[in-house]
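Have the structure open as you read.

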Amino acid sequence: MTAEIRVGLTDDQPLFRAGIAMVINSQPDLSVRWEASNGAEAVALSASTPVDVVLMDLEMPQMGGIEATGLIVQGRPGHPAAETVPRIIVLTTFDLDDKTFRAINAGASGFLLKTTNPEFLLAAIRTVHAGNAVIAPGATANLVRRFASPVDTGSGAGSNREDTLSLLTPRERDLFDLVARGLSNAEIAGELHLSEATVKTHVSRILGKLELRDRVQLVIFAYQHGLV
């Protein structure tokens, strides 16, 4: 039996929260464990009542979603450590604005517009829980092209690439390039003639070696370092 995915819901609009909670709780594998009306409540609740995925609004009183995302992902001094670090999906009214990028840079695993249809929301929660991002490849590329500032290393592109990716094996570097271009595991498997399970294992190792949380962070990392 598949384990239930525990969800935390953060938004300052009670009616919006109620609607989202109803959609989520209608699914046998999903359950809203807590609701918060601002970022401070979300930080406290994520520490006391661990969840797997947090849906995070950006504009809220007392503490907004950007600060709350960073505190939840990194941990907050004085609060007991949660059994797991939840993955965070940003809920926003605006597509690809600066606050969305800042939230992703703070550790969110992607973003959804508040106008997203219920089926896509449910799929996004499951996708993020599985360790992937919820930003479509095209949207990810647009996001990082617009906001990622290249790192000035003072060296040539070739040597910069070698230094940056020195921890990766040749096979992992091949996969890094394909993930950075926005390919899914299935597409990478077809490109390199590997099984999807093997690709997933390689991607997990790449993220671990480069100390990145997920594929969105990898794409931003690649653009920042001039690797795509």
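Glu 4 and Arg 33 join their side chains in a salt bridge, 2.9 Å from N to O; the term covers a side-chain nitrogen of Lys or Arg within 4 Å of a carboxyl oxygen of Asp or Glu. This pair brings together distant parts of the chain, with Glu 4 in the segment before strand 1 and Arg 33 in strand 2, 29 residues apart. Glu 4 is partly exposed at 35% relative accessibility, and Arg 33 is partly exposed too, at 41%. Here buried means under 20% relative accessible area, exposed over 50%, and partly exposed in between, with a 1.4 Å probe and protein chains only.

Before going on, a word on the ground rules: this is a predicted model, where local features need pLDDT of at least 70, side-chain atom pairs count only at pLDDT 80 or more, and totals for chains, interfaces and linings use all residues. Residues are numbered from 1 along each chain as its sequence is written, and side-chain values use heavy atoms, leaving out hydrogens and water.

The whole structure holds seven salt bridges, among them these:

| Pair | N to O distance |
|---|---|
| Glu 4 and Arg 33 | 2.9 Å |
| Arg 6 and Asp 52 | 3.1 Å |
| Lys 114 and Asp 11 | 2.9 Å |

Arg 6 and Asp 52 are both buried. Arg 6 sits in strand 1 and Asp 52 in the loop between helix 2 and strand 3, 46 residues apart. Lys 114 is in the loop between strand 5 and helix 5 (118-129), while Asp 11 is in the loop between strand 1 and helix 1 (14-25), so their bridge ties together parts 103 residues apart in sequence. Lys 114 is partly exposed at 21%, whereas Asp 11 is buried at 0%. Shared partners join Asp 11, Asp 57 and Lys 114 into one salt-bridge network.

Now for the sheet. Helices (H or I, at least four residues) and strands (E, at least two) are DSSP runs numbered from the N terminus, and two strands pair if DSSP finds at least two bridges between them. In what order do the five strands of the open sheet lie? The order is 2-1-3-4-5, with parallel pairing. Strand 2 (30-36) and strand 5 (111-113) are at the edges with a single partner strand each, so one side of each has no neighbour in the sheet. On average, neighbouring strands are turned by 25° against each other, direction ignored.

Strand 1 (residues 5-10) pairs with strand 3 (residues 53-57) over four parallel bridges, and Thr 10 has Met 56 of strand 3 as its bridge partner. Helix 2 (residues 39-48) packs on this sheet, touching strands 1, 2 and 3, and its direction makes about 130° with that of strand 2. Contact means heavy atoms within 4.5 Å.

Helix 2 also packs against helix 3 (residues 65-74), at about 15° and with axes 9 Å apart. Axes are lines fitted to C-alpha atoms, for helices over the stretch in contact, with angles from 0 to 180 degrees between N-to-C directions. That makes the two helices roughly parallel (under 35 degrees). Gly 39, Ala 42, Val 43 and Ser 46 of helix 2 meet Ala 68, Leu 71 and Ile 72 of helix 3.

Most residues other than glycine have a negative phi. His 193 has a positive phi of about 60°; this residue lies in the loop between helix 9 (185-192) and helix 10 (196-209) and is exposed at 72%. Glu 211 has a positive phi of about 55°, lies in the loop between helix 10 and helix 11 (215-224), and is exposed at 74%.

Key
Parallel < 35°, antiparallel > 145°, perpendicular 65-115°, else oblique.
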